[in-house]
Amino acid sequence: MLSKRLIDEMNIQIMHELASAHLYMAMEAYCASLNLDGFANWLKVQTEEERAHARLFFDFINRMNGEVKVYGIDEPHDKYASLLDVFEKGYEHEQFVTSRIYLLADIATEEKNHAAVSFLKWFVDEQVEEESNFLGLIKKLELIGDNTSGLYMLDKELAARVYVPPTITV
Ligand SMILES: [Fe+2]
């Protein structure tokens with residue numbers, strides 16, 4: 001079972017994961033408006049991943065006999081100055097999500113809830129990948145600068161990203 005504190009924080013996490021999906025969808029729309037279909041595709045896949053993260057918390061709370069609460073989410077930030085701005089904001093957002101996952105992991109550890117610690121371990125690892133993905137794209141965009149052919153090559157590369165469902169089951 002889960003403590004009330006863990007259930008409350010995990011329910012808030014469902015909201016943050018859904019808010020992430022919302023944010024990446026707004027970013028996808030921005031990239032689509034620039035006709036950068038590869039970037040838009042990359043963010044679309046990211047959106048699907050975030051929904052899957054929300055679902056994992058939803059299922060875990062249920063499985064542990066807790067009560068799921070679905071909160072409302074705010075309108076996402078949708079004004080971007082450039083592609084670089086998109087990925088800098090995405091990176092910032094992922095750092096925030098990492099801090100949320102660490103908070104959950106800290107509570108689970110403090111409460112010696114090994115089932116929750118084990119479940120959250122997947123998210124700890126996932127956040128390493130998420131931050132690295134965004135930072136990697138920031139670095140590539142900085143390298144590309146004003147080079148249009150570089151930008152189109154990267155757009156082509158990002159068009160190949162496919163959604164792969166999470167590797168854990170709850
Ligand atoms: Fe996530």
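Reply: The account below takes the helices in turn and then their contacts.

The model is a predicted one. Helix α1 covers residues 4-33, and its 30 residues should span 44 Å at 1.5 Å a residue; the end C-alpha atoms are 44 Å apart, which agrees. After α1 comes Asn35, with a positive phi near 65°. Asn65, which follows α2, has a positive phi near 65°.

Packing comes next. Two packed helices are described by the angle between their axes and the distance between the axes. For α1 and helix α3 (residues 83-110), the axes come within 11 Å and cross at roughly 170°. Because angles over 145 degrees count as roughly antiparallel, α1 is roughly antiparallel to α3. On the α1 side the contact includes Leu6, Met10, Leu23 and Met27, and on the α3 side Val86, Val97, Leu103 and Ile107 are among the residues involved. By class, this contact of α1 with α3 comprises eleven nonpolar, five polar and three charged residues.

Helix α2 packs with helix α5 (residues 148-158) at an angle of about 35°, their axes being 7 Å apart. The crossing of α2 and α5 is left-handed. Asp37, Gly38, Phe39, Asn41 and Trp42 of α2 make the contact with Asp155, Lys156, Glu157 and Leu158 of α5. The residues of this α2 and α5 contact divide into three nonpolar, two polar and four charged.

Technical notes
Residues numbered from 1 in each chain as written. Predicted model: local features only at pLDDT ≥ 70, side-chain atom pairs only at ≥ 80, totals over all residues. Helix = DSSP H or I, 4+ residues; strand = E, 2+ residues; numbered from the N terminus. Expected span 1.5 Å × (residues − 1). Axes fitted to C-alpha atoms, helices over the stretch in contact; angles between N-to-C directions. Parallel < 35°, antiparallel > 145°, perpendicular 65-115°, else oblique. Contact = placed C-beta atoms within 7 Å. Nonpolar A, V, L, I, M, F, W, Y, C, P; charged D, E, K, R; others polar. Left-handed = near helix turned anticlockwise from the far one by under 90°.
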